[in-house]
Amino acid sequence: MTKKITSQTLSRLPMYFNYLTSLPDSKKSGHISATAVAEALGLNDVQVRKDLASVSRGGKPKIGYVTAELIGDIGHFLGFENHDGVVVAGMGNLGRAMLECNGFSDYGFDILCGFDCSSDIVGTEINGKPVYHISELSEFCRNGNIRIGIITVPENSAQEVCDIMVDAGLEYILNFAAVHLNAPKNVTIHNENISLTLAMLARM
């Protein structure tokens, strides 16, 4: 389905997907209504009904959706079946955790390898994934047609790494460094400041 949706709907789809996939197998084999999803997540049922209808045509009045099919429709729309390759720059605690986590593949992402500049870690493996020198990032990404990168380096190195990723042709960058990064308009950067998120959460 190629129907365009709003950014607000797009931001809610992963929440629906997570909830539906967390259901026990007995419920996945049955039906589920938009109202039931809304009640479970504390959302407006009219909005949930519109969101689900925008990515799936399987809903039927008074019956709802076949749960397994709805999971498939949402996953397909979000591209979870595409399995995009992802690289991580910065093998500190957060970067290592990215390579050690096996859950990304459930959402269509394969963390392929890590990059760093420290001789202590370059040439090693983390969770079976190699760690290369940062100078090899551009060639690796170009040869593998990689589009997505994650930055977990210190703040004073983040812009340099961002420039390397942009030069390598990456189109999407997830930045965990607490600093604003400059990139061309054709490159999408999402900044994830964990400390700021915690501060906001504590004041809600």
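Reply: The sheet and its surroundings

β8 and β9 pair in the parallel sense over 4 bridges (strands are DSSP runs of E of at least two residues, helices runs of H or I of at least four, both numbered from the N terminus; two strands pair if DSSP finds at least two bridges between them). The model is predicted, so local features need pLDDT of at least 70 and side-chain atom pairs pLDDT 80 or more, whereas totals for chains, interfaces and linings use all residues. Residues are numbered from 1 along each chain as its sequence is written, and side-chain values use heavy atoms, without hydrogens and water.

Tyr 172 faces Thr 188 of β9. β8 and β9 belong to an open sheet of 7 strands with mixed pairing, ordered β5-β6-β4-β3-β7-β8-β9. Its edges are β5 (125-126) and β9, each of which pairs on one side only.

Two helices lie across the sheet. Helix α6 (residues 93-100) lies across β3, β4, β5, β6 (129-133) and β7, at about 145° to β4; helix α7 (residues 137-144) lies across β3, β4 and β6, at about 160° to β4 (axes are lines fitted to C-alpha atoms, for helices over the stretch in contact, and angles run from 0 to 180 degrees between N-to-C directions; contact means heavy atoms within 4.5 Å).

Of its 26 lining residues, Leu 78, Phe 80, Phe 109, Ile 148 and Leu 174 are the closest to the centre. At least two lining residues come from each of α1 (7-22), β3 (84-89), β4 (109-116), β7 (148-151), β8 (172-175) and β9 (188-191). The lining comprises 17 nonpolar, 6 polar and 3 charged residues (Ala, Val, Leu, Ile, Met, Phe, Trp, Tyr, Cys and Pro count as nonpolar, Asp, Glu, Lys and Arg as charged, the others, Gly among them, as polar).

Tyr 19 lies in helix α1. Beyond neighbours within four places in sequence, Tyr 19 contacts Ile 32, Val 37, Ala 40 and Leu 41.

Methods:
1 Å grid on protein atoms, 1.4 Å probe; cavity = no way out; pocket = protein on both sides within 12 Å on 5 of 7 lines; lining within 4 Å.
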